[in-house]
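Hello,

Here is the structure we spoke about handing over. Please look through it first, then read the notes below.

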Amino acid sequence: MANDAAEAATPSKLVIRNIGVVLSGALENPILDADTVVAENGRISAIGKAGDVDTSGATTIVDARGTVVAPGLIDSHVHPVAGDWTPRQNQLGWIDSSLHGGVTTMISAGEVHHPGRPRDIVGLKAHAITAQRSFHNFRFGGVKLHAGAPVIEPGMTEQDFKDLAEAGVKLLGEVGLGGVKDGASARQMVAWARKYGIQSTIHTGGPSIPGSGLIGADVVLEADTDVVGHINGGHTALPDKEIRCICEGCRRGLEIVHNGNERAALYTLRIARELNQLDRVILGTDGPAGSGAQPLGIIRMVAMLSSLGDVPAEQAFCFATGNTARMRKLDCGLIEVGRTADFVLMDKAQHSAGVNLLESVRLGDLPGIGMTVIDGVVRTGRSRNTPPAERLPEVVG
Ligand SMILES: [Zn+2]
């Protein structure tokens with residue numbers, strides 16, 4: 001487990017060389033002309049050709065051996081409860097398993113699976129603050145899990161959102177999972193949250209599990225959350241005409257999740273492309289949930305959207321990296337000088353029909369992950385979860 005304070009105090013310089021392809025995470029320029037990436041003290045300090053960047057004084061050297069380097073993947077929609085345990089499926093190790101799927105950052109859409117979750121206002125505030133603190137302090141394998149996402153309940157006032165923000169809460173859980181299900185009340189609370197710098201998301205579609213409810217396009221548009229959470233349903237999707245109505249009716253984020261309806265995911269992607277707004281598409285797993293935890297959920301979404309949705313693989317990776325980072329105002333997610341040095345190194349899986357990683361993903365195969373890096377520190381080697389990669393990066397110094 002990471003000890004952030006100790007790492008910050010020790011000067012470090014990571015050099016990753018012999019990179020085959022650098023994926024930037026930025027839709028407007030998804031492939032960089034570079035074979036070397038340098039990070040100092042956890043932040044990217046140089047990107048370029050080996051002869052053009054200063055690689056002297058490295059404390060860690062990684063030979064990428066021709067593999068692809070991308071920003072660490074971001075899961076925009078998780079439901080954590082306590083550390084690396086989820087009571088939803090009574091499972092241990094889901095965060096660690098997701099790191100082996102290339103995910104280095106996660107965003108809570110509400111700690112809703114907490115047994116006996118408080119729904120009174122002081123209780124839900126305390127619960128959110130506790131979750132924010134505990135996941136900030138507990139970084140399993142270095143994975144950054146942004147949690148503390150209260151689910152709004154009737155009776156909350158502007159002062160409650162001010163209190164939450166002052167206590168460090170930066171997110172709302174899915175609107176609609178609590179007692180506030182009408183557009184007008186949701187819109188007021190979402191606006192208060194936004195005023196104090198708290199981002200918001202909403203449950204879109206039919207009920208997930210017994211006890212949750214339907215949220216249709218009218219409520220989604222009226223609530224005006226920053227992200228349209230699982231626009232492809234979690235799992236039950238809205239009718240296509242309502243999905244189109246949401247896509248066309250706002251400029252908010254369009255979050256597609258693994259635990260949703262795949263056909264609705266592809267429909268959403270098609271509308272976003274028609275609108276020339278692929279920058280709005282972000283990816284989540286919505287796990288752990290009824291469908292379980294999905295350690296490979298994000299790369300499965302990348303491969304599914306690229307292959308069936310006819311999107312170049314280098315663009316599909318942006319949905320899981322730069323798009324999310326920009327929308328969520330995170331300092332990771334892009335290979336850009338000054339950004340956090342969070343990376344995933346991968347190659348095409350052994351025996352994939354594609355000639356290289358990008359073509360293999362375009363054909364619907366998953367990449368083989370060979371290494372993850374968070375804050376400039378190598379966290380994992382060859383993934384225990386993905387198909388084996390053809391080539392593997394190696395720490396050589
Ligand atoms: Zn939901």
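**Cavities**

The count comes to 2 cavities of 30 Å³ or more. A cavity here is a set of points, on a 1 Å grid over the protein atoms alone, where a 1.4 Å probe fits but cannot get out. Grid points are joined across faces, edges and corners, and a volume is the space filled by probe spheres set on the points.

Before the details, two notes on the source. This is a predicted model: local features need pLDDT of at least 70, side-chain atom pairs count only at pLDDT 80 or more, and totals for chains, interfaces and linings use all residues. Residues are numbered from 1 along each chain as its sequence is written, and side-chain values use heavy atoms, with hydrogens and water left out.

The largest cavity has a volume of about 80 Å³. Its lining residues (those with an atom within 4 Å of a point) include Glu111, Arg117, Arg119, His127 and Glu153. Val112, Pro118, Leu124 and Val151 are also among them. By class, the lining divides into 7 nonpolar, 1 polar and 4 charged residues. Ala, Val, Leu, Ile, Met, Phe, Trp, Tyr, Cys and Pro count as nonpolar, Asp, Glu, Lys and Arg as charged, and the others, Gly among them, as polar.

The second largest cavity has a volume of about 40 Å³. Asp75, Val78, Trp94, Ser98, Thr285, Gly287, Pro288, Ala293 and Gln294 line it. Two or more of these residues come from each of strand E8 (73–78) and helix H2 (94–99). Helices (H or I, at least four residues) and strands (E, at least two) are DSSP runs, numbered from the N terminus. This lining splits into 4 nonpolar, 4 polar and 1 charged.

**The open sheet**

Now for a sheet. An open sheet of 5 strands runs in the order E5-E4-E1-E6-E21, with mixed pairing. Strand E5 (43–48) and strand E21 (394–395) stand at the edges, each with a single partner strand, so one side of each has no neighbour in the sheet. Two strands pair if DSSP finds at least two bridges between them.

Take strand E1 (residues 13–17). It is mostly covered, with 4 of its 5 residues buried (under 20% relative accessible area, 1.4 Å probe, protein chains only). E1 joins strand E4 (residues 36–40) antiparallel, by 4 bridges. Leu14 stands opposite Ala39 in E4. E1 also pairs with E6, in the parallel sense, over 4 bridges. There, Ile16 faces Val62 in E6.

Strand E6 (residues 60–63) is joined to E21 by 2 bridges, and the two run antiparallel. Asp63 stands opposite Glu394 in E21.

Best wishes

Conventions: On a 1 Å grid over the protein atoms alone, a cavity is a set of points where a 1.4 Å probe fits but cannot get out, and a pocket is an open set with protein on both sides within 12 Å along at least five of seven lines; lining residues have an atom within 4 Å of a point. Buried means under 20% relative accessible area, exposed over 50%, partly exposed in between (1.4 Å probe, protein chains only).
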